Amino acid sequence: MNTLDVTIDTTHKVLTERLHLAAAGTSDGAAPRDVQQYADTFLASTCRHMCAANAVLAPAARQWLPDGPESSRRFHRHCRRLDLALRQVKAKMYGSAYAVHRSWADVWDDARTEFTATTTLERRLVDSLVTTIDPRASDALADRLYKMEVKAPTRPHPYAPRTGASGLVARLMWARADRVWDGLEGRTLPAPVRGRARPQGGPMTRYVMGNPVFHVEGT
């Protein structure tokens, strides 16, 4: 496994745990403040990661993979469907009229379905990239993904453009707007996952072992 593999695997694990905590909190009748904290953490970190993946991984797929254009379009579609499901979570959490008649179980079922489909597709995309491109290029993608995730929007925007110049402008605009609302609502968001390959021991130890040890930040 390289740095990109570690980053994606660990990110998916962390996001899955946050989804479980958020869904369990609402179904178990937790205090409203706890429900909001768990749900907001899952929503923000998932929106942030998927936006960064659209900006970094999808263009890389278009550039390097034989079926890159179609894979990228499919990934964009799944991310939009996930954003729509996450918007329903947020609407339910804040008592919007658009979600008041839906149960929490129904809302989380939709979110879980779209989350699983999107992360599965992302994992396949990364597998194809890792086996196609140079390891240094793969590590560079992981670094770009982290840097993009740090400054990505933290709320679902399903109808925002995702590609080209319009996608770049939309990401910048929504990221600034989301930061303002995060400050007004007192949202405290964890740092994105950053996977790094860290060798163990000296050169001779690494040569004998033939196996790096991975260090993950931000979990």
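Predicted model: local features only at pLDDT ≥ 70, side-chain atom pairs only at ≥ 80, totals over all residues.

User: Where is His157 placed?

Analyst: His157 lies in the loop between helix 5 (135-150) and helix 6 (164-185). Leaving aside neighbours within four places in sequence, His157 is in contact with Asp83, Arg162, Trp174 and Asp178.

User: What makes the link between the side chains of His157 and Asp178 a polar contact?

Analyst: The side chains of His157 and Asp178 are joined at 3.0 Å. A polar contact requires a pair of N or O atoms within 3.5 Å, one able to donate a hydrogen and the other to accept it. The pair formed by His157 and Asp178 is therefore counted as a polar contact.

User: Why is Asp9 called partly exposed?

Analyst: Asp9, which is found in helix 1 (residues 3-27), has a relative accessibility of 32%. Buried means under 20% and exposed means over 50%, with partly exposed in between; Asp9 therefore counts as partly exposed.

User: How do you know that Asp9 and Arg123 are joined by a polar contact?

Analyst: Asp9 and Arg123 are 114 residues apart along the chain, and their C-alpha atoms are separated by 8.0 Å. The side chains, however, are joined at 2.3 Å. The limit for a polar contact is 3.5 Å, so the pair of Asp9 and Arg123 counts as one.

User: What makes a space a cavity rather than a pocket?

Analyst: In a cavity a 1.4 Å probe fits but cannot get out, whereas a pocket is an open set of points. The structure holds 2 cavities of 30 Å³ or more. About 190 Å³ of space lies in the largest cavity. Among the 15 residues lining the largest cavity, Cys51, Asp83, Pro153, His157 and Arg162 lie nearest its centre. Helix 2 gives the largest share of this lining, 4 residues.

User: How is the lining of the second largest pocket made up?

Analyst: The second largest pocket holds about 210 Å³ of space. Its lining residues include His157, Trp174 and Asp178, and helix 6 gives the most, with 5 residues. The lining divides into 5 nonpolar, 1 polar and 4 charged residues. Trp counts as nonpolar and Asp as charged, so Trp174 belongs to the nonpolar group and Asp178 to the charged group.

Terms used:
Residues numbered from 1 in each chain as written. Heavy atoms only, no water. Helix = DSSP H or I, 4+ residues; strand = E, 2+ residues; numbered from the N terminus. Contact = heavy atoms within 4.5 Å. 1 Å grid on protein atoms, 1.4 Å probe; cavity = no way out; pocket = protein on both sides within 12 Å on 5 of 7 lines; lining within 4 Å. Points joined across faces, edges and corners; volume = space filled by probe spheres on them. Buried < 20%, exposed > 50% of the residue type's maximum accessible area, 1.4 Å probe, protein only.
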